[in-house]
Amino acid sequence: MTATHAPLDPAAERLRRWRLVLGGEADGTGHRPTGRDAAMDGALAALYRGAAEGGGTEGRGAARSAGLGGSAPQVARWLGDIREYFPTTVVQLMQQDAIARLGLDRLLLEPEMLEAVQPDVHLVGTLLSLKHALPETTRETARAVVGKVVADLERRLADRTRATLGGALDRSARVNRPRHRDIDWDRTIRANLKNYLPDAGPDGRGTVVPERLVGYARAQRSVKKDVILCIDQSGSMAPSVVHSAVFGAVLASMRSLTTRLVVFDTSVVDLTEQLTDPVDVLFATRLGGGTDINRALAYCQSKITRPSETIVVLISDLYEGGIRNEMLKRVAAMKAAGVQFIALLALSDEGAPAYDHAHAAALAALGAPAFACTPDVFPEIMAAAIEKRPLPVPDRG
């Protein structure tokens, strides 16, 4: 962010920065913003100063809404201002705060407002929760906003996911008599270290005699793994639902995988047929409501035909409204049958989520540790599951 004010000495620059941080006339700095600084200060004050100063208490955000007036034109101008003065990541954070503090979600029902906002995952979650209230004039705009976010995520995640999982599928399909181009030389050398002969090489160095070749077949020739994504669609899981829809579409595009996507609250909906378009998947979800993990896992369990080649990914904060013991019995049964079971508390860029610690501990005791995962790490988690090696659980410290 570049200001247009004249260069200040270090002490004055510190006062200027503190004034922008503190945002009050009686902040003790004695600095009065001008030019671009004044505009930035005004944009911040419209959102945050009302809350700090208090005021009336009639209804949610009444004291705070004085800064933006609650009118669509004024809010649209403010959205344009913050996009001019602040980087995208800050704009997205301020939009989230505006939705929470000012009831901005009410104004998102107007198409001109949707066109003014910076699309991001959290905005998609808000739109999906409002979809039944969207007027006809707003629905196409809302779909375009969701489509833009989905396209951005696909550009960021798709190629790396296909490459990572493709390599894992190749390595998981090992053969004992590989063709030369299919030899896994690293594993072949490791498997034949016992056949090391010192001073046997042409230059007097030692050599390894490869009595047993280790290789892998081309995994693209046939379906190697079945993946079931089981997604909690309660309101707190909105960012995870968005990322899951994108990953589900990417996995479904890989011929070596069969992918099923199931969303649930107290009911269960199979959205596998819509995986070709993650936007369709998202608009078919119903954010909010209760949670019945046991019922969802029962449905997923009924769709497993090759346990030893199946990966079930449960994405949930584990606040179970169904039958807890039955849920744990289902997980234990799937693991006993050879299913690779992954429990993710969140699939998003956020920090540590709120979750049911008792259920997470119970899953860990079954050999299924529950942990949060960012979208960038998810391909590595899936690759480890495909190869049946320990999951790279992120460090919680």
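This briefing describes a sheet, a few individual residues and the salt bridges of one predicted model.

The model is predicted, so local features are reported only at pLDDT of at least 70 and side-chain atom pairs only at pLDDT 80 or more, whereas totals for chains, interfaces and linings use all residues. Residues are numbered from 1 along each chain as its sequence is written, and side-chain values use heavy atoms, with hydrogens and water left out.

**The sheet**

- Six strands form an open sheet with mixed pairing, in the order E7-E6-E5-E8-E9-E10; helices (H or I, at least four residues) and strands (E, at least two) are DSSP runs numbered from the N terminus, and two strands pair if DSSP finds at least two bridges between them.
- Strands E7 (268–270) and E10 (370–373) stand at the edges, and because each has a single partner strand, one side of each is left without a neighbour in the sheet.
- On average, and with direction ignored, neighbouring strands of this sheet are turned by 25° against each other, where axes are lines fitted to C-alpha atoms (for helices over the stretch in contact) and angles run from 0 to 180 degrees between N-to-C directions.
- Strand E5 (residues 225–232) pairs in the parallel sense with strand E6 (residues 257–264) over 8 bridges, and also in the parallel sense with E8 over 6 bridges.
- Valine 227 has threonine 259 as its bridge partner in E6 and stands opposite isoleucine 311 in E8.
- Strand E8 (residues 310–315) is largely enclosed by the rest of the structure, because 6 of its 6 residues are buried, where buried means under 20% relative accessible area, exposed over 50%, and partly exposed in between (1.4 Å probe, protein chains only).
- Both faces of E8 are covered, with Thr310, Val312 and Leu314 buried on one side and Ile311, Val313 and Ile315 buried on the other.
- E8 pairs in the parallel sense with strand E9 (residues 340–347) over 5 bridges, and valine 312 stands opposite phenylalanine 341 in E9.
- E8, helix H12 (residues 324–336) and E9 make a right-handed β-α-β unit; a crossover is right-handed if, with the strands pointing away from the viewer, the path from the first strand over the helix to the second runs clockwise.

**A residue in helix H2**

- Aspartate 41 lies in helix H2 (residues 35–53) and, at 9% relative accessibility, counts as buried.
- The C-alpha atoms of aspartate 41 and leucine 20 are separated by 6.2 Å, although these residues are 21 apart along the chain.

**Salt bridges**

- The count comes to 17 salt bridges, each being a side-chain nitrogen of Lys or Arg within 4 Å of a carboxyl oxygen of Asp or Glu.
- Aspartate 376 and arginine 156 meet in a salt bridge (3.3 Å, N to O); aspartate 376 lies in the loop between E10 and helix H14 (378–386) and arginine 156 in helix H7 (residues 136–172), so the pair ties together parts that are 220 residues apart in sequence.
- Aspartate 159 and arginine 162 meet in a salt bridge at 3.8 Å, N to O, and, being 3 residues apart in helix H7, are separated by about one helical turn.
- Arginine 286 forms a salt bridge with aspartate 265, with the closest N and O atoms 2.8 Å apart; arginine 286 is partly exposed at a relative accessible area of 44%, whereas aspartate 265 counts as buried at 1% relative accessibility.
- Salt bridges that share partners join Arg143, Asp277 and Asp280 into one network.
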